[in-house]
Amino acid sequence: MNKDFLNTITKLLGELGLSAGIFNLVDDDTITLETQDFILVRNNKVGDYFLLAEIQISELNLVNRDLQISLMSYLNHLTTDAGVNDLRPLNGVPFLALDNSFEKNTTLLLFTNKIGDITNLLTQITEIEENEYFFKKQVLLLPTKFLDNLGNKISSSTDFEITRYLQDCMNDTKKFKQFMSKTNEDSDYAGCAQFFEKLPFLHLNVESSESNSLQNMIDNEIAKNTIKYSITINTDTDEEEGNSKFTILDKNLEEIYVVAMKYASKMEESDTDLDAEALLTNLKGNGFNE
Amino acid sequence: MICLAESILQHQNPTPVITPEILTIYVASIKDRIDKYVEQRHEDLRKDETIRLSEIVKRKLTFTEILTCLRTELIDESNDVYWELICRENFENAFQKQIDFLDEENLVERRNLYRQYKTTYDKYIKQGKLSFLLKALKPHISVCDKPSKSNYYHQYIADENDISIAYLSFLENLNIEHDDCFLFPKNGKHFHASTISVNRSNPRHAKNAIDTLKIDFKDRFIYLNKDTDFIVIDSPSNTEFSGRLEKFVEVPNVLDYEVADKEHITSTKDLTFVHYELAQEKLNE
């Protein structure tokens with residue numbers, strides 16, 4: 001198994017507090033992959049399982065038929081007395097205890113490195129992810145060198161926190177904008193996005209930036225505005241000129257707003273139609289009159 | 001005959017190496033020629049013509065005809081005749097082995113096998129359509145899925161072992177008379193014979209083979225008679241099992257989750273795989 005992949009996953013699982021074990025898919029005549037090592041992960045809080053492996057693009061066509069059948073049968077073998085020792089601990093991660101609920105509760109997560117043109121690949125990936133048998137399946141299409149870079153970062157510094165790194169990368173608006181302008185280009189952002197999109201145990205903490213609510217915008221606007229207003233109301237339905245009442249209110253917008261809102265909600269409660277003249281009377285007075 | 005064919009082939013074209021495989025094909029071609037000759041002789045005898053006429057008129061198989069077989073450019077993977085010969089050779093070998101395997105006392109089985117052979121001969125071999133039959137006996141495997149035609153024929157549809165353990169084992173205990181040798185009707189149900197074997201000594205491998213088989217039947221475009229209800233195969237135990245694949249259920253713990261498969265407009269006919277012994281019992285009833 002590629003050491004950068006192994007280091008990345010080990011680090012990630014360690015930080016997330018998931019338990020895991022590793023096994024080598026052997027004793028099978030049908031499957032020959034470049035690496036036959038699989039990491040089995042269990043989320044102890046929820047009880048679901050994840051099966052992680054690196055796969056070559058050329059091997060993707062094996063997934064829906066031979067690979068998933070072999071894997072499901074091998075997982076069954078691991079629960080038997082004969083196979084119980086074939087699952088080995090993974091350095092630095094708590095060893096997992098396999099129970100019988102894996103059969104309907106395992107997601108197969110396949111990591112593959114992007115090489116060349118990916119147009120046809122996306123169809124193939126969709127076919128795998130939509131396949132409804134044996135496992136729920138996700139294929140991570142990672143930019144070239146993405147895992148190598150992560151591996152390097154992990155081995156070069158003991159302080160490196162991978163979850164922190166992924167999180168920061170996602171929150172970086174500059175990287176986001178670059179990514180959005182060239183979505184097909186290899187970038188760390190694309191890789192991190194794949195991690196958050198496809199790994200069910202990885203959760204993105206969205207930093208809630210206070211986007212202005214409409215109410216806030218109204219409030220702010222009103223508070224800034226201190227000009228006194230006058231109001232014109234048409235009292236007649238036929239809109240003849242001269243019938244309009246021109247009233248100098250000599251109040252600022254905030255006062256008008258408060259009284260108007262009170263009036264409107266009162267009318268709504270009593271199920272009465274809104275009446276402009278009544279509103280005007282209220283406005284002329286001090287505050288809202290019963 | 002093999003030695004003779006080899007020396008003639010070497011004589012007329014000394015450069016290429018005559019591999020045992022190539023030789024087998026040429027011998028098969030000669031055998032086919034002889035077969036046709038014997039058949040014509042029988043035909044003549046039935047018509048009483050040669051008996052009355054002198055020996056000169058008697059139909060002969062000339063050496064020239066044998067030479068013609070050997071002079072034909074047979075080794076051509078794009079030619080259907082070549083593959084037909086391979087199917088024929090493998091089928092005959094499988095048949096001979098199956099007969100040899102039976103004891104003198106197994107008269108019924110021998111008779112059944114010869115009767116089925118005759119049906120196969122009349123309906124397929126004679127018309128040069130044995131490969132068509134063998135394809136129908138492994139309907140889930142297409143030449144397009146395999147790396148080469150050679151792989152498709154040798155490893156899959158014309159595999160001697162599969163023909164013998166799944167197909168001929170089924171036929172030898174079939175006591176019924178029927179005008180076809182792969183689709184057998186019984187009480188409104190149709191049994192489709194096959195050369196499929198999912199019998200493995202390791203139970204885990206057997207289960208994998210069954211799962212793979214189901215996926216192949218589900219995912220591939222298969223030429224299958226629409227009446228087919230049962231596919232007769234060789235499996236680890238004398239049972240039948242549904243061709244359905246169990247779907248991955250995303251949330252198994254939800255209360256009141258209904259797994260009952262309701263009749264749906266797109267639902268397809270359910271195929272059942274049945275062990276050949278069980279199929280024999282049902283058909284012989």
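Me: Happy to start in chain A: what is the bridge partner of I22(A) in β4(A)?

Reply: This is a predicted model, so the pairing is read from predicted coordinates. β1(A) and strand β4 (residues 88-89) of chain A pair in the antiparallel sense, with two bridges between them. In one of the pairs G21(A) stands opposite P89(A). For I22(A), the bridge partner in β4(A) is R88(A).

Me: Which residue stands opposite A20(A) in β2(A)?

Reply: Strand β1 (residues 19-24) of chain A also runs antiparallel to strand β2 (residues 37-42) of chain A, and six bridges join them. In that pairing, the residue of β2(A) opposite A20(A) is V41(A).

Me: Nice, now the whole sheet: which strands of chain A are its edge strands?

Reply: The sheet is open and has six strands, with mixed pairing. Its order is β4-β1-β2-β3-β5-β6 (chain A). An edge strand here pairs on one side only, and the strands that do so are β4 and β6 of chain A.

Me: Is F134(A) buried or exposed?

Reply: F134(A) is found in the loop between α3 (119-130) and β6 (136-142) of chain A. Its phi is near 65°, a positive value in a residue other than glycine. Most residues other than glycine have a negative phi. A residue needs 20 or more C-beta neighbours within 10 Å to count as buried, and because F134(A) has 24 inside 10 Å, F134(A) is buried.

Me: What separation do the C-alpha atoms of N205(A) and D273(A) have?

Reply: N205(A) is found in the loop between α7 (188-198) and α8 (214-224) of chain A. With 9 other C-beta atoms within 10 Å, N205(A) is exposed. D273(A) is 68 residues apart from N205(A) along the chain, and their C-alpha atoms are separated by 47 Å.

Me: What covers the buried residues of α7(A)?

Reply: The buried residues in α7(A) are Y189(A), A190(A), G191(A), C192(A), A193(A) and F195(A). What covers them includes β6, α4 (146-156), α5 (162-171) and α6 (173-181) of chain A.

Me: Over to chain B: at what angle do α6(B) and α9(B) pack?

Reply: The contact is made by E109(B), N112(B), L113(B) and Q116(B) of α6(B) with L168(B), L171(B) and E172(B) of α9(B). By class, these residues divide into three nonpolar, two polar and two charged. The axes of helix α6 (residues 107-125) and helix α9 (residues 160-172) of chain B are 8 Å apart, and the angle is about 115°. That makes α6(B) roughly perpendicular to α9(B).

Me: What percentage of the residues in chain B are buried?

Reply: The secondary structure of chain B comes to eleven helices and five strands. Among its contacts between residues at least 6 apart in sequence, 79% join residues at least 24 apart. Of the 285 residues in chain B, the buried ones make up 27%.

Me: Last one: how many charged residues has the side of chain B that touches chain A?

Reply: The contact takes twelve residues from chain A and twelve residues from chain B. On the side of chain B, five are nonpolar and two polar, and the number of charged residues is five.

Terms used:
Residues are numbered from 1 along each chain as its sequence is written. Chains are lettered from A and ligands numbered from 1 in the order in which they are written. This is a predicted model: local features need pLDDT of at least 70, side-chain atom pairs count only at pLDDT 80 or more; totals for chains, interfaces and linings use all residues. Two residues are in contact if their C-beta atoms, placed from the backbone, lie within 7 Å. Ala, Val, Leu, Ile, Met, Phe, Trp, Tyr, Cys and Pro count as nonpolar, Asp, Glu, Lys and Arg as charged, and the others, Gly among them, as polar. Two strands pair if DSSP finds at least two bridges between them. Helices (H or I, at least four residues) and strands (E, at least two) are DSSP runs, numbered from the N terminus. Axes are lines fitted to C-alpha atoms, for helices over the stretch in contact, and angles run from 0 to 180 degrees between N-to-C directions. Angles under 35 degrees count as roughly parallel, over 145 as roughly antiparallel, 65 to 115 as roughly perpendicular and the rest as oblique. A residue is buried if 20 or more other C-beta atoms lie within 10 Å of its own, exposed if 12 or fewer, and partly exposed in between; C-beta atoms are placed from the backbone.
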